[in-house]
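I opened the notebook to go through one structure, starting with a strand pair and moving on to charged side chains.

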Amino acid sequence: MIYAVIDIGSNTVRLSVFKISGDKVTNLFNEKEQASLKTYVSNGVLSEKGIQRLIETLRTFKAVVDNFGDIDELHPFATATIRDAANRTEILSRVKEELDLDIEIISGEEEAKLAFIGASSSIEVSRGVLTDIGGGSSEVVIIDQNKVIKSTSLSIGSLSAFNDYVSSLFVNKDEKKNIDTEVKSLLESNKMYREDHDLLCAVGGTARATLKFYNDYYDEANYNTAMDANKLNDMIKEVIDRQPRDILDAILAVKPDRVHTLLPGMIILNRLSKYFYCDTINISQTGVREGYVYNKLLGRNK
């Protein structure tokens, strides 16, 4: 069987195609579109322009799937921006009418669970904290003995933090402090109590982009998947102190498609590592989409 999964996030929409052979899941290819749907939300409503952006992106991905020919099933699912939109029913109806696609809405709690299942498919996640920092929300999971103990969805992500707290292209010191304060406040209000954890595992595009920047900044090997939490904290402070042009050049050299969201995403990740007293941050190359395949399509729970 070959499954296609479309992950409709607040910042990016991603298509991943997987081949299933017995217990083996192989990622055949991925496509990504920087749709930035969160930027089209005003007063909780996704604008007509935003709906059209979504539909055209899905139309493109549907054409890819149709042209591939061997794909047995296509499963689109949506997270924070569509989940929280006041006109969600209209959005789902429009997509169904124009593309004959049924978008599944994933709750914040379920998204956190799928991130854990996906991460567990590629790295050891037996104890500690796991996070998936998306564009509009950040999922946080407490793990012990390979089981989810507690999970929550924070209403802040890399793109929403940029939209809500950043006045120019790059974060300044005061804005960093405001993002830090908001993340801490959300953790406390969601009853995610502070406790020592040696390890923070992170999945998703923000985490992978942060790792890529970190490896370049500290001249680490491209295959390195771990970050020292103190070094990440130092890096963020040093980058924010640079002139805007220097910051721009540094991000363009590593991750140009995240020029405005990379620093806000880093700050959220950094605050989570501090909040849970984590010394090390491991970055998983698998996450929610893999978790969706394992859990939703294959019926596995890890």
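Entry one, a strand pair. The model I am reading is predicted. I looked up strands β9 (residues 138-144) and β10 (residues 147-154) and found them paired in the antiparallel sense over seven bridges. S138 sits opposite L154 in β10. β9 and β10 make a hairpin with two residues between them. In that turn, Q145 has a positive phi of about 50°.

Entry two, the annotation. I checked the UniProt record, an unreviewed entry, which places "domain: Ppx/GppA phosphatase N-terminal" at residues 17-298. I noted that this span is 48% helix and 21% strand, with its end C-alpha atoms 15 Å apart.

How many salt bridges does a search of the whole structure find? I wrote down 21. I then took three of them in turn.

R94 and E48 meet at 2.8 Å, N to O. R94 is in helix α3 and E48 in helix α1, 46 residues apart, so I list the pair as a link between distant parts of the chain. R94 counts as buried at 17% relative accessibility, while E48 is partly exposed at 43%. Both belong to a salt-bridge network that also has E56, R59, E90 and E98.

K296 and E104 meet at 2.7 Å, N to O. K296 lies in helix α11 and E104 in strand β7, so the pair ties together parts 192 residues apart in sequence. K296 is partly exposed at 29%, and E104 is partly exposed at 25%.

R271 and D180 have their closest N and O atoms 3.4 Å apart. Helix α10 holds R271 and helix α6 holds D180, so this pair joins parts 91 residues apart in sequence. Buried or exposed? R271 is buried at 16%, and D180 is buried at 8%.

Technical notes:
Residues numbered from 1 in each chain as written. Predicted model: local features only at pLDDT ≥ 70, side-chain atom pairs only at ≥ 80, totals over all residues. Heavy atoms only, no water. Pairing = 2+ DSSP bridges. Helix = DSSP H or I, 4+ residues; strand = E, 2+ residues; numbered from the N terminus. UniProt positions renumbered as here; feature names shortened; annotations may be inferred. Salt bridge = Lys/Arg side-chain N within 4 Å of Asp/Glu carboxyl O. Buried < 20%, exposed > 50% of the residue type's maximum accessible area, 1.4 Å probe, protein only.
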